[in-house]
Amino acid sequence: ERQVKKDLAKKKKAQQETSPAAAAAEKALTPEEKKRLDEQTLRREGLSEVLARDLPRILATIRCLCDSDIEVGNATLPAFGPCAIAAAVSDCPALSGVGALR
């Protein structure tokens, strides 16, 4: 009877070790991983803000400069042209939501 109880206790312990809670405890992030994840989240949010807010405003500003006066447009085109063209022809999925590129 004691042997049966010992065997049942071993089986129960083995089941607890392979349970989802135990697996989740093993997969818990270390402090270093949490720090890295936080850094990546901040960087992702910063890039998202640039793409959603800053880039369309910059492109609209370039368009206004070029449309305002032919001399101003021609003078600023060498400075802004390569960047605007690169953004317009980029196949980056992140730029697909930027309406100012169309």
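A salt bridge here is a side-chain nitrogen of Lys or Arg within 4 Å of a carboxyl oxygen of Asp or Glu. With that rule, a search of the whole structure turns up 2 salt bridges. Please keep in mind that this is a predicted model, in which local features need pLDDT of at least 70 and side-chain atom pairs count only at pLDDT 80 or more, while totals for chains, interfaces and linings use all residues. Residues are numbered from 1 along each chain as its sequence is written, and side-chain values use heavy atoms, with hydrogens and water left out.

**Confidence**

- The chain has a mean pLDDT of 78, and 81% of its residues reach 70 or more; pLDDT is the predictor's confidence in each residue, from 0 to 100.
- Among the elements of the chain, α3 has the highest mean pLDDT (85), whereas helix α2 (residues 20-26) has the lowest (55).
- Helices (H or I, at least four residues) and strands (E, at least two) are DSSP runs, numbered from the N terminus.

**Helix α3**

- Its 38 residues span 54 Å from the first C-alpha to the last, close to the 56 Å expected at 1.5 Å a residue; the expected span is 1.5 Å times one less than the number of residues.
- At Asp 54 there is a kink of about 40°, shortly before the proline Pro 56; the bend at a residue is the angle between axes fitted to the seven residues ending there and the seven starting there.
- Leu 55, Leu 59 and Ile 62 are the buried residues of α3, where buried means under 20% relative accessible area, exposed over 50%, and partly exposed in between (1.4 Å probe, protein chains only).
- The cover over these buried residues includes α4.

**The salt-bridge network**

- Glu 49, Arg 53 and Asp 54 are linked in a network of salt bridges.
- Glu 49 pairs with Arg 53, with the closest N and O atoms 2.9 Å apart; the two are 4 residues apart in helix α3, which means they are separated by about one helical turn.
- An α-helix has 3.6 residues a turn, so residues three or four places apart point the same way.
- Arg 53 also has Asp 54 as a partner, here with the closest N and O atoms 3.2 Å apart.

- Thr 76 lies in helix α4 (residues 70-89) and counts as buried because its relative accessibility is 17%.
- Leaving aside residues up to four places away in sequence, Thr 76 touches Leu 65 and Cys 66; contact means heavy atoms within 4.5 Å.
- Arg 63 sits in helix α3 (residues 31-68) and is partly exposed, with a relative accessible area of 48%.
- From C-alpha to C-alpha, Arg 63 and Phe 80 are 10.0 Å apart in space, and they are 17 residues apart in sequence.

**Cysteines**

- The disulfide count comes to 0, a disulfide being a pair of cysteine sulfur atoms within 2.5 Å.
- Cys 64 is exposed, with a relative accessible area of 53%, and Cys 83 is exposed as well, at 58%.
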